[in-house]
Structure formats: structure tokens, C-alpha cells
Amino acid sequence: MPTVTNPLQELLDGNRRWSAAMNAADPTFFEQLAKQQSPKYLWIGCSDSRVPATQIVDLPPGEIFVQRNVANVVAHSDLNCLSTIQFAVDVLKVEHIIIVGHYGCGGVQAVLDERRLGLVDNWLRHVGDVAEKHSSMLTALDLMSVRNARLCELNAIEQVTNTCRTTMVMDAWERGQSLSVHAWCYSLENGHMNDLGMHVDSRASLQPAYEAALQRLVRPAVVRP
Ligand code: CO
């Protein structure tokens with residue numbers, strides 16, 4: 001009989017090695033974590049394999065509730081993302097929602113290149129709308145890499161706005177729940193997170209925070225990353 005090799009054996013072996021190491025470091029780790037999760041953060045990031053949530057902010061499992069999709073979009077009618085936000089805010093009572101874009105995002109670049117990739121083009125249309133909204137800022141940038149960086153930042157900022165306008169976030173603020181929404185952009189080149197300086201903790205602070213974040217971007221070009 002031919003030997004059947006599991007194509008995922010490497011991953012399964014890795015899993016056992018990892019769990020043994022975690023267990024050696026803290027024998028109660030899994031026991032404690034299995035009882036409950038009480039993350040303080042909801043991370044809404046890109047599906048890109050190079051931007052894993054807990055790892056790049058040096059946190060262990062259990063600390064971040066995660067939603068990832070291509071180009072970290074928060075679409076008003078995306079039941080998946082809306083449900084994640086609702087569960088995170090209403091049930092887990094996270095204190096922070098972080099929209100995490102990343103420089104060099106392929107989804108963002110496809111929008112800039114007007115490339116056809118398939119079904120995903122319809123999803124990326126949301127990023128296209130962001131590009132159109134800020135077209136004067138983008139076309140003023142000559143270098144494509146700089147334009148990509150700027151649209152990655154603008155997209156994260158706009159998705160914060162979308163998040164703040166969801167009924168879940170509005171209702172949380174209405175009932176006095178402590179909740180802030182933030183925009184970050186991560187550099188694949190040096191592993192550094194760039195805080196885009198948009199922090200919204202109430203309905204009233206959304207517009208001023210949005211305008212201040214855009215102002216910061218308009219300032220003389222600092223090439224990021
Ligand atoms: Co991406």
C-alpha cells in the first residue's frame with residue numbers, strides 16, 4: 001500500500017511543538033485561556049499573511065479579537081464584519097477597535113493600477129471609493145509607492161469613520177460604554193506600526209479626529225515607510 005503523507009504534517013508538528021513550548025513556559029496557560037476570553041481589543045486588518053495580529057504587537061493568544069479581510073474594509077452592509085463588531089462590543093466589551101492597514105497592500109495597489117483580479121474587484125471598489133474621495137491628494141503624489149502608502153493610510157482612516165458610524169458603536173457610546181476606535185498602518189519593510197493619530201472615543205469626536213488625521217497626512221511628504 002502506498003504511504004499516505006499528510007501535506008499539512010509540517011503544520012501539525014509545528015502546533016505540537018508550539019503548545020509544548022507554551023505549556024513549558026506556563027503550565028496553566030491553556031487551562032486559564034480555555035475558561036474564557038476577555039480581549040480588550042478588536043483588530044480589523046488585512047488578510048495579508050505578513051500582518052498577523054497578536055504576533056506583531058507581541059501579545060499572546062487571548063488578547064485580541066480579530067476580523068481580517070482583503071484591504072481591511074469595514075463595509076456598511078458586510079454582515080461578517082458587522083457581526084464581529086457587534087459581538088466584540090456588546091458581548092466581549094472590547095475597549096478599543098483598531099483598524100490596521102499596511103503599506104504596500106496588494107488590494108490597495110490593485111485599485112491604483114486599475115487591475116482586474118476577479119470577484120475581489122467588487123470588494124475593492126470600497127477602496128476605490130476612498131481613492132476617488134481623495135483623488136486630489138493622491139494625484140499630487142508622483143511616486144506610485146508614495147501614492148500607495150497614502151491610500152493605505154487614507155483607507156484606514158476612512159474605515160475608522162465607517163466603524164464609528166455603525167449602529168453598534170453609536171449605541172455603545174449612547175449608553176456610556178468606554179470604546180475608542182483607532183487607525184494604524186503597518187510597515188512590511190521594517191515591522192513598525194505607524195499610529196495615524198486618529199482616536200475616536202465619542203460621536204462628537206469623530207469629525208474633528210477625522211479632519212485632524214487628514215491634515216496630518218497633507219503635511220509635506222514624509223515618505224513612508
Ligand atoms: Co493588504
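**Stop one: a helix crossing**

Keep in mind that this is a predicted model. Select helix α6 (residues 120–133) and helix α8 (residues 144–164): their axes come within 10 Å and cross at roughly 105°. Because that angle falls in the 65 to 115 range, α6 counts as roughly perpendicular to α8.

Now show the side chains where the two helices touch. From α6, pick Val127, Val130, Ala131 and Lys133; their partners in α8 are Leu151, Leu154, Asn155, Glu158 and Gln159. Colour this α6–α8 contact by class and you get 5 nonpolar, 2 polar and 2 charged residues.

**Stop two: a pair of positive phi values**

Most residues other than glycine have a negative phi. With that in mind, go to the loop between β2 (64–69) and α4 (79–91), where you'll find Ala71. Ala71 isn't a glycine, yet its phi is positive, at about 70°. Is Ala71 buried or exposed? Ala71 is buried, with a relative accessible area of 0%.

Next, move to the loop between α4 and β3 (96–102) and select Lys93. Lys93 is another non-glycine residue with a positive phi, near 55°.

**Stop three: zoom out to the domains**

Finally, colour the protein chain by its domain assignment: residues 1–35 make up domain 1, and residues 38–217 make up domain 2.

Key. Residues numbered from 1 in each chain as written. Predicted model: local features only at pLDDT ≥ 70, side-chain atom pairs only at ≥ 80, totals over all residues. Heavy atoms only, no water. Axes fitted to C-alpha atoms, helices over the stretch in contact; angles between N-to-C directions. Helix = DSSP H or I, 4+ residues; strand = E, 2+ residues; numbered from the N terminus. Parallel < 35°, antiparallel > 145°, perpendicular 65-115°, else oblique. Contact = heavy atoms within 4.5 Å. Nonpolar A, V, L, I, M, F, W, Y, C, P; charged D, E, K, R; others polar. Domains from an automatic or database assignment. Buried < 20%, exposed > 50% of the residue type's maximum accessible area, 1.4 Å probe, protein only.
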